[in-house]
Amino acid sequence: MEKFDVIIIGAGVVGCLTARTLSQFKLNILLIDKEADIGNGASCANSAIVHAGYDPLPGTLKAELNVLGNQMWDELSGELSFDYNRSGDYVVAVGPQELRTLEKLLEQGRRNGVPGMHIISADEMHAREPEINPEVSGALWAPTGGTCDPFMVTIAAAENAVQNGVKVMLNTKFLNFIIENDQILGIQTSRGDFACRWVVNAAGLYSDEVMHLADVRPEFQITPRRGEYAVLDRADIQVNNVLFPVPSDKGKGILVTATTHGNTILGPNSVPATGKEDVGLTSEGLTEIWDGARKLFPGLKPTSTIAMFAGLRATGNASSPNRSIYYDHDFIIEVPDRPRGLVNLGGIESPGLTSSPAIAQRVVELMVNEGEKLLAKRDWNPIRPPRIHFRKLPLAEQKKLIKADPRYGRVVCRCEMVTEGEIIAEIHAPIPAVTYDAIKRRTWLGTGRCLGSFDMPRVVDILARELGIPPEQVSKRGIGSEFLVRPTKTVEVQHD
Ligand SMILES: Cc1cc2nc3c(=O)[nH]c(=O)nc-3n(C[C@H](O)[C@H](O)[C@H](O)COP(=O)(O)OP(=O)(O)OC[C@H]3O[C@@H](n4cnc5c(N)ncnc54)[C@H](O)[C@@H]3O)c2cc1C
């Protein structure tokens, strides 16, 4: 049995940042995920907001780690080279009644330690976002809020962990613990057994099932709630800011927000999901998000939609000390009394993305509290070098690059101007991108108006060639999602 000091179950943003944080120390670490790529769970389908921290109820882990996590994003994005914009965010009141909720949120934010918040007038809000509803009566402004590229945070954290010696195994499903005398000795997976001293349960939606196998918190249940979104065409509409409505007992409400990729997104609603894989879209859900978004921007048109998606919240039933209007449940971040060797995370719903760097830090603190002697590596390198993004380069640099490597001269995705050179770099990266979606998330190819209909066949071709596999084996997101059924005819493709 291969032996590790720490095995992390789940390569979402929490598992990947935990792996990266632990990679500072002299530990042998394995990060596993059941999917064909990292970040395929909630970490790839959310609002991408780095929350300021005024929503969670004071005194909860959510409040503490949201505010702590928020403060870590500037350094994190600098070290890991992903897009992050501390643009600030707004909670927008429509009509006089909603202004009172802003006062409550302001007070709650101050108690949570959120800096710089204040309420701005309706006129000021209109000046900052001219197309906003004329009935807006004021807004809460939180300058520490922002947006990030959630795909790249997760990928960059995992890559940096790999650079620092962490082993990543994908398509590897955790099946059970190996426990003797109340001590974890290892885990069983779909790809064999592994010995370890510590297991970190970062399995997101499945964290309840993982902890139950260790006989921890049998009463804890995740009841996923689906959130649906619409993505709007950049050419049609561009909202400048992150705009929330005033919250209700259903949650933060339907927001309208700018993204780091330049699109505007609307959503999410919050409806019970039928299961842990239920990411289907419903016409009722889409009507709900359009109605919600039009409350803030009456001029928005559904014809501007270029894509839709849904994410699943890992909503748990671990109680908060109190109940607020919409924050009933808190994060679980703990080392249970038994079995020894488990760091147990559960119910990591929003603001889990924002809090993830602080959650990773908390995992380390918990291990140290349990007597783990962590020795810092002298050669730990926190920097994950930036990738080439051809479309962002000045013309002169583009020309130089093409001269040095003609593959950067072949544009594969025309909408987003992604080149063959960038795709090949991702296929041979520290965590190889081996599916269409993996390449899409890393390069942003296939996200424009044509939604990949132009680039997809060419990406299949490139993946097959670079990986040395038949095109029929190339898939969208792993086994079972292959694009092609069987060969029909062979065509010689010549590249100049
Ligand atoms: C609709 C929506 C909107 C949100 N908006 C925001 C926001 O704007 N800001 C914010 O801060 N937070 C937001 N969140 C919350 C945030 O997305 C999550 O808290 C965060 O992504 C959780 O990360 P994670 O790593 O815990 O879980 P995940 O990303 O779900 O990762 C868990 C991983 O575990 C793997 N796994 C599960 N079971 C097994 C197994 N048996 N073996 C191996 N691997 C396994 C999964 O494949 C998955 O990759 C939102 C969430 C949703 C759903």
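The legends below describe several close-up views of a predicted model.

**View 1. The ligand and the residues around the ligand.**

View 2. A polar side-chain atom of D33 lies 2.6 Å from an oxygen atom of the ligand, while a backbone N or O atom of K34 lies 3.1 Å from a nitrogen atom of the ligand. At I49 a polar backbone atom is 2.8 Å from a nitrogen atom of the ligand. On its own the ligand has 1,000 Å² of accessible area, and the protein covers 96% of that area.

**View 3. N46 and A48 in the loop between strand 2 and strand 3.** N46 lies in the loop that runs between strand 2 and strand 3 (49–50), and A48 is found in this loop too. The side chain of N46 reaches the backbone oxygen of S43 at 3.4 Å and the backbone nitrogen of A48 at 2.8 Å. Leaving aside residues up to four places away in sequence, N46 touches P150, Y229, I265, F309 and L353. A48 has a phi near 65 degrees, a positive value in a residue other than glycine. Is A48 buried or exposed? A48 counts as buried because its relative accessible area is 11%, which is under the 20% cut-off.

**View 4. The largest nonpolar core and V343.** The largest nonpolar core holds 54 residues, of which V6, I8, V343 and L345 touch the most other members. Two or more residues of this core come from each of several elements, including strand 1 (2–9), helix 2 (61–80), helix 5 (150–163), strand 12 (192–201) and strand 20 (342–346). When residues up to four places away in sequence are not counted, V343 touches W198, V199, V200, N201, E334, V335, V363, L366 and M367. Apart from this core lies another, of 26 residues, among them I9, V210, I222 and L342.

View 5. Most peptide bonds are trans. In this model, however, a cis peptide bond joins G267 and P268, with omega about -10 degrees, and another joins S350 and P351, with omega about 5 degrees. P268 has its place in the loop between strand 16 (264–267) and strand 17 (271–272), whereas P351 lies in the loop between strand 20 and helix 8.

**View 6. P115 in the loop between helix 3 and strand 6.** P115 is found in the loop that connects helix 3 (96–112) to strand 6 (118–121). With a relative accessible area of 44%, P115 is partly exposed. P115 touches P143 and T144, not counting residues up to four places away in sequence. The C-alpha atom of P115 is separated by 28 Å from that of A293, which is 178 residues apart from P115 along the chain.

**View 7. L451 in the loop between helix 11 and helix 12.** L451 lies between helix 11 (436–443) and helix 12 (456–467), in the loop there. Most residues other than glycine have a negative phi, but the phi of L451 is positive, near 50 degrees. L451 is partly exposed, with a relative accessible area of 45%.

How values were computed:
Residues numbered from 1 in each chain as written. Predicted model: local features only at pLDDT ≥ 70, side-chain atom pairs only at ≥ 80, totals over all residues. Heavy atoms only, no water. Polar contact = N/O pair within 3.5 Å; in protein donor to acceptor, adjacent residues only side chain to side chain. Areas by Shrake-Rupley, 256 points an atom, 1.4 Å probe, with all protein chains shown as cover. Core = buried A, V, L, I, M, F, W, Y, C linked by side-chain atoms within 4.5 Å. Buried < 20%, exposed > 50% of the residue type's maximum accessible area, 1.4 Å probe, protein only. Helix = DSSP H or I, 4+ residues; strand = E, 2+ residues; numbered from the N terminus. Contact = heavy atoms within 4.5 Å.
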